[in-house]
Amino acid sequence: MQRPLASLAATEALGAALAAWLAPGRAVLLAGPLGAGKTTLARAILRALCENPELDVPSPSYTLLQTYDTPRGPAHHLDLWRIAGEGDLIELGFEDWLADMLIIEWPDKLGALTPPLALTITLSLAGPEQRMACVMAPAGAPFPP
Ligand SMILES: Nc1ncnc2c1ncn2[C@@H]1O[C@H](COP(=O)(O)OP(=O)(O)OP(=O)(O)O)[C@@H](O)[C@H]1O
Ligand SMILES: [Mg+2]
């Protein structure tokens, strides 16, 4: 499904819808080039999950991982840009996080660790404030919910 995002507000609305789809054991994978809006969309998801529109959601591009205690359980926001591959992720304890909610930037690094119940959003640039989102939902967990 292609979903045009005409403005930041449209990206925030998609984030709220993705938060409604997320649940423990489910992952949202955010693909697309540098500056496409992956962290901006992750921030919208986490703000909706935490029911706090001002929640501070820094990019995890240096820290790799930020964990949030949400009313619906723990949510982990990862940026895998600096990760070499699956071995690094296993060493960090990735398999322990699979039962929680996951929001993952640069998901191509997951390889065989890609969670089965993962919704993939591929963002592309369509203008200064415009983006295009291609949404691919897993079998058995349609989006929108
Ligand atoms: N409709 C929109 N949706 C998302 N971001 C937008 C939109 N319009 C403008 N932007 C801007 O585009 C930038 C996207 O940056 P962001 O850090 O979210 O990208 P990213 O994909 O996470 O990049 P990186 O690969 O470096 O982590 C932000 O400055 C954001 O304000
Ligand atoms: Mg980012």
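Side chains alternate along strand S7 (residues 131–136). The model is predicted: local features need pLDDT of at least 70, side-chain atom pairs count only at pLDDT 80 or more, and totals for chains, interfaces and linings use all residues. Residues are numbered from 1 along each chain as its sequence is written, ligands are numbered from 1 in the order in which they are written, and side-chain values use heavy atoms, without hydrogens and water.

S7 pairs with strand S1 (residues 2–5) in the antiparallel sense over four bridges; pairing requires at least two DSSP bridges. Arg 3 has Ala 133 as its bridge partner. Strand S6 (residues 118–125) also runs antiparallel to S7, joined by six bridges. Here Leu 125 stands opposite Arg 131. Five residues separate the strands in the hairpin of S6 and S7, where Gly 127 takes a positive phi near 160 degrees.

The shell (a heavy atom within 4 Å) holds 17 residues, and Thr 11, Lys 38, Thr 39, Thr 40 and Arg 131 come nearest. Helices H1 (8–21) and H2 (38–49) each supply at least two shell residues. H2 gives the largest share, three residues.

Polar contacts are N or O pairs within 3.5 Å. A polar side-chain atom of Thr 40 lies 2.6 Å from a ligand 1 oxygen atom. A backbone N or O atom of Gly 37 lies 3.0 Å from an oxygen atom of ligand 1.

Notes. A polar contact is a pair of N or O atoms within 3.5 Å; within protein, one must be able to donate a hydrogen and the other to accept it, and residues adjacent in sequence count only if both atoms are side-chain atoms. Buried means under 20% relative accessible area, exposed over 50%, partly exposed in between (1.4 Å probe, protein chains only).
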